[in-house]
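User: I would like to learn how to read a fold. Please take me through one, feature by feature.

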Amino acid sequence: FLFNDLLVYGNIIINKKKYNKQHIIPLEEVKLKSLEDEAQFKNGWLICTRGKSFAVYAATATEKQEWMAHINKCIDDLLKKSGKKASAEHAAVWIPDSEANTCMHCKKVQFTLVNRRHHCRKCGVVVCNGCSSRRFMLPAQSSKPLRVCDSCYDELSKSSNNADFTSKVAKSTDSSGEEDSDEDETNGNVQESKPSSFYGGTEEAASS
């Protein structure tokens, strides 16, 4: 359901069961990306937000174009009237479990009932437990550390260390000419979907 400043999705009926949990997304967080038609998945697009990104599907190509145009118009109108800024960071779309029989990181571990699939919350790939045993803070998604793959952990750690170094240099060369005490310095901890389906009132299948 689309409002002037909010996007709400929920009330999904699956196998004659109704799921009433609703999610509210501020429009300034929303970014749309069109999807190419593939097999049975047609007329789709991505709704990307800071906390979660997912694919949605319309019944026809015309409906897809109308939905995307209307949502984008509401986003543009909101940003112009409110003075708010569009989010620069968006959560990764999770790769569906069905597309990965083996770990997409080490490419060795095969998934079974014992070796479960996991998703990196930073890049969305399907990985084994061994390749995603560490967690990192991703403030846009959660207040707690989230599971990330080894590659993303190394990248995030490096970015965090660089940010700490820049911060320390800036503090040691402030205009007073005096060095800040160690107590003033902080260690920057950079912080760590299942995609859902949405289509206002007429839900279509989406990748899981």
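Analyst: We begin with the cores. The largest nonpolar core has 16 residues, and L27, V30, L32, W45, I47 and I71 have the most contacts inside it. A nonpolar core is a set of buried Ala, Val, Leu, Ile, Met, Phe, Trp, Tyr and Cys residues joined through side-chain atoms within 4.5 Å. Buried means under 20% relative accessible area, exposed over 50%, and partly exposed in between, with a 1.4 Å probe and protein chains only. β6, β7 and α1 each supply at least two residues of this core. Helix α1 gives the most, with 6 residues. A second, separate core of 14 residues includes F111, V126, F136 and C152.

User: What kind of model is this, and how are residues numbered?

Analyst: This is a predicted model: local features need pLDDT of at least 70, side-chain atom pairs count only at pLDDT 80 or more, and totals for chains, interfaces and linings use all residues. Residues are numbered from 1 along each chain as its sequence is written, and side-chain values use heavy atoms, with hydrogens and water left out.

User: In what order do the strands of the open sheet lie?

Analyst: Start with the terms. Helices (H or I, at least four residues) and strands (E, at least two) are DSSP runs, numbered from the N terminus. Two strands pair if DSSP finds at least two bridges between them. Here, 3 strands form an open sheet in the order β5-β6-β7, with antiparallel pairing. β5 (31–34) and β7 (53–57) each have a single partner strand, so one side of each lacks a neighbour in the sheet. Neighbouring strands of this sheet are turned by 25° against each other on average, direction ignored. Strand β6 (residues 44–48) is joined to antiparallel β7 by 5 bridges. W45 stands opposite V56 in β7.

User: Which strands does helix α1 lie across?

Analyst: Read the angle through fitted axes. These are lines fitted to C-alpha atoms, for helices over the stretch in contact, and angles run from 0 to 180 degrees between N-to-C directions. Helix α1 (residues 61–82) lies across β5 and β6, at about 155° to β5.

User: Is H118 buried or exposed?

Analyst: H118 counts as buried because its relative accessibility is 12%. H118 lies in strand β8 (residues 118–119). Contact means heavy atoms within 4.5 Å. Not counting residues up to four places away in sequence, H118 touches V125, V126, V127, C128, N129, S132 and R147.

User: Where is S133 found?

Analyst: S133 sits in the loop between β9 (126–127) and β10 (134–136). S133 is partly exposed, at 46% relative accessibility. S133 and D150 are 17 residues apart in sequence and 7.9 Å apart in space, C-alpha to C-alpha.
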